[in-house]
Amino acid sequence: MNIILLGPPGAGKGTQAERLVAERGMVQLSTGDMLRAAVASGTPTGLKAKAVMEAGELVSDEIVSGIIGEKLDTLSAETGVIFDGYPRTAAQAESLDALLAARRRRLDHVIELAVDEDALVARITGRFTCATCGAGYHDTFKQPKEAGVCDACGSTTFKRRPDDNEATVRTRLAEYRNKTAPILPIYEVRGLVHRVDGMADMADVTKAIAAVLGE
Ligand code: AP5
Ligand code: MG
């Protein structure tokens, strides 16, 4: 099964993808995570992407579609894929169609996480992740069970993203509104879009997605 999680910054794409990976053995392809890894290791892609990401703007379509294609080639045909944060423009949606067709993969569902923009700033500015395994947390909504210790791997080091500040979040939201939300109709006409209430409790969002995906 191949699915897209679509929603603005802070909608819960990463949170829900993490659960689908744990529960269904799917693979999460997050262009944001891949770009952050490229920035951290100083690759040519990372050098190009760094300032764009810090400004909250979109990295070029060629770069992101290129890294998605490379990752798809490392997966076996049976592995289900969750596209998290890709595609984000009409050009990327077209590239994804071509990338999937060339690998005889089919897009099964597009899950739209519908959220209230005002709540997103609080979600994003409170977010932190484990520096060792990447598990996601939130100052208010999801603290580790034992303060300062990662539930998943026991690490005591956490980090925050440089683009998780209010000014940059506003730009990221505008990019979503202007460039990403307009691609929904491409999938609506194909009957692939399922709208899920992303403002519900994390566990309820997970249940709503499970209802779409089935057993
Ligand atoms: P990316 O990393 O994709 O960031 P984003 O789209 O802005 O989305 P986020 O990761 O911020 O939010 P999320 O939906 O994953 O929310 P999360 O689950 O963490 O992209 C970063 C940058 O990379 C872009 O700005 C761009 O520059 C570049 N980029 C990436 N992909 C690109 C592409 N395809 N094309 C061009 N450029 C690209 O949740 C947020 C917080 O809320 C967490 O703390 C979580 O615990 C909490 N939370 C989640 N769900 C709930 C809930 N139901 N209730 C309460 N709290 C919740
Ligand atoms: Mg994310």
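The model is predicted: local features need pLDDT of at least 70, side-chain atom pairs count only at pLDDT 80 or more, and totals for chains, interfaces and linings use all residues. Residues are numbered from 1 along each chain as its sequence is written, and side-chain values use heavy atoms, without hydrogens and water. Helices (DSSP runs of H or I, at least four residues) and strands (runs of E, at least two) are numbered from the N terminus.

**Cavity**

- A cavity is a set of points on a 1 Å grid over the protein atoms alone where a 1.4 Å probe fits but cannot get out.
- Grid points are joined across faces, edges and corners, and a volume is the space filled by probe spheres set on the points.
- One cavity of 30 Å³ or more is counted.
- The largest cavity has a volume of about 50 Å³.
- Its lining residues (an atom within 4 Å of a point) are L5, L6, G7, K13, G85, Y86, P87, R88, Y176 and T180.
- β1 (2-6) and α7 (166-180) are the elements that give two or more residues to this lining.
- Five lining residues are nonpolar, three polar and two charged. Here Ala, Val, Leu, Ile, Met, Phe, Trp, Tyr, Cys and Pro count as nonpolar, Asp, Glu, Lys and Arg as charged, and the others, Gly among them, as polar.

**Helices α1 and α9**

- The axes of α1 (residues 13-24) and α9 (residues 202-213) come within 10 Å and cross at roughly 60 degrees. Axes are lines fitted to C-alpha atoms over the stretch in contact, and angles run from 0 to 180 degrees between N-to-C directions.
- α1 is therefore oblique to α9. Oblique is what remains after roughly parallel (under 35 degrees), roughly antiparallel (over 145) and roughly perpendicular (65 to 115).
- Contact means heavy atoms within 4.5 Å. On the α1 side it involves T15, Q16, R19, L20, E23 and R24; on the α9 side, M202, A203, V205, T206, I209, A210 and L213.
- This contact has seven nonpolar, three polar and three charged residues.

**Backbone**

- Most residues other than glycine have a negative phi, and most peptide bonds are trans.
- The bond from Y86 to P87 is cis, with omega near -5 degrees. P87 sits in the loop between β3 (81-84) and α5 (90-102).
- R104 is not a glycine, yet has a positive phi of about 50 degrees. Its place is the loop between α5 and β4 (109-114).

**K159**

- K159 lies in strand β7 (residues 158-159).
- Leaving aside neighbours within four places in sequence, K159 is in contact with F128, T129 and A131.

Terms used:
Chains lettered and ligands numbered in written order. 1 Å grid on protein atoms, 1.4 Å probe; cavity = no way out; pocket = protein on both sides within 12 Å on 5 of 7 lines; lining within 4 Å.
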